[in-house]
Amino acid sequence: RLTGTPTTTRQRGSTTPSSSSARLEFRAAEGETPIVTGLVTLPSGLPWYIPNNNNNNNSNGGSGHSIYCTSLKGLINVTDFEQAFYGHGYDGSSNEMLHLARWPNVDVGSLSSMLDPSVSWAKTDHGSVYGKIISHALANTGQDWTDGWAHLNVGDQDNTYSRRITQHRRGAATFTYPKNLPYLNGDKRKENDPAIWRDNQFWLSGKYIGLDHPGEWHYEKKNYKFCIIPPKGGKPNSELIS
């Protein structure tokens, strides 16, 4: 949101402007503080509603903060986005970065929880192998994560891979993912070595069922449905959402 006028100037040391020596320079109007941002801000007054299948009610173990949804059809000219922010101020002074709906949950605004693997990652249990994760903690959620995304720090654990969950069922401790991790490169010894599949870690996203914690968001591209749980309760109508 620049308030100045773009101008071209000669580069230092040049004597004549040319296509190779000129550069585009943006300057703020006198007394103004420009903010350069790639955010798309949702218009105020959107018709938010509370869905019937509210994952976050207290009976489901949620915080009791309501989920609010709205349609973004015709409002944004992008088909997908990777981040959402909540709060007033284009300068970012009061904006809070929302978290993608996920399991296990992390607290918005808490850098320590994001960086602490014991909080932001789930551990694999004994019996996990290449293409299959066993986690009894996941079974306790009582959710079916089939077709969601598994973010896998497994095997050599030098890299993290995102793969679709090919099979899971509600209340099950086991889910599967495609056996196509590039670092293995067909190495059957590594694929079948149980030692490298111990003490691995993962987290899940990509499904509405993961929306159950304050400060999370979820977007369904097929029907343009955007849902959030406000980080501090209340209704989203009064806040700037980008």
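Colleague: Which helix holds both Glu191 and Lys188?
Modeller: This is a predicted model. Glu191 and Lys188 sit 3 residues apart, about one turn of the helix. The helix spans residues 188-191 and is α4.

Colleague: What joins the side chains of Glu191 and Lys188?
Modeller: Side chains of opposite charge can pair when their charged atoms come close. Between Glu191 and Lys188 the N to O distance is 3.4 Å. The cut-off is 4 Å. The contact is therefore a salt bridge.

Colleague: How many salt bridges does a search of the whole structure find?
Modeller: The pair in question is Glu191 with Lys188. Searching the whole structure gives a count of 1.

Colleague: Is Glu191 buried or exposed?
Modeller: Buried means under 20% relative accessible area. Glu191 has 15% relative accessibility, so Glu191 counts as buried.

Colleague: And Lys188, buried or exposed?
Modeller: The cut-off for exposed is over 50%. Lys188 has a relative accessible area of 53%, so Lys188 is exposed.

Colleague: Now the largest pocket. What is its volume?
Modeller: The largest pocket is lined by 20 residues. Among the closest to its centre are Trp149, Arg164 and His218. The volume is about 510 Å³.

Colleague: Which element gives the largest share of the lining of the largest pocket?
Modeller: Elements that give two or more residues include β10 (149-153) and β11 (161-164). The largest share is 4 residues, and it comes from β14.

Colleague: How many charged residues are in the lining of the largest pocket?
Modeller: The lining has 7 nonpolar residues and 5 polar ones. The charged residues number 8.

How values were computed. Residues numbered from 1 in each chain as written. Predicted model: local features only at pLDDT ≥ 70, side-chain atom pairs only at ≥ 80, totals over all residues. Heavy atoms only, no water. Buried < 20%, exposed > 50% of the residue type's maximum accessible area, 1.4 Å probe, protein only. 1 Å grid on protein atoms, 1.4 Å probe; cavity = no way out; pocket = protein on both sides within 12 Å on 5 of 7 lines; lining within 4 Å. Points joined across faces, edges and corners; volume = space filled by probe spheres on them. Nonpolar A, V, L, I, M, F, W, Y, C, P; charged D, E, K, R; others polar.
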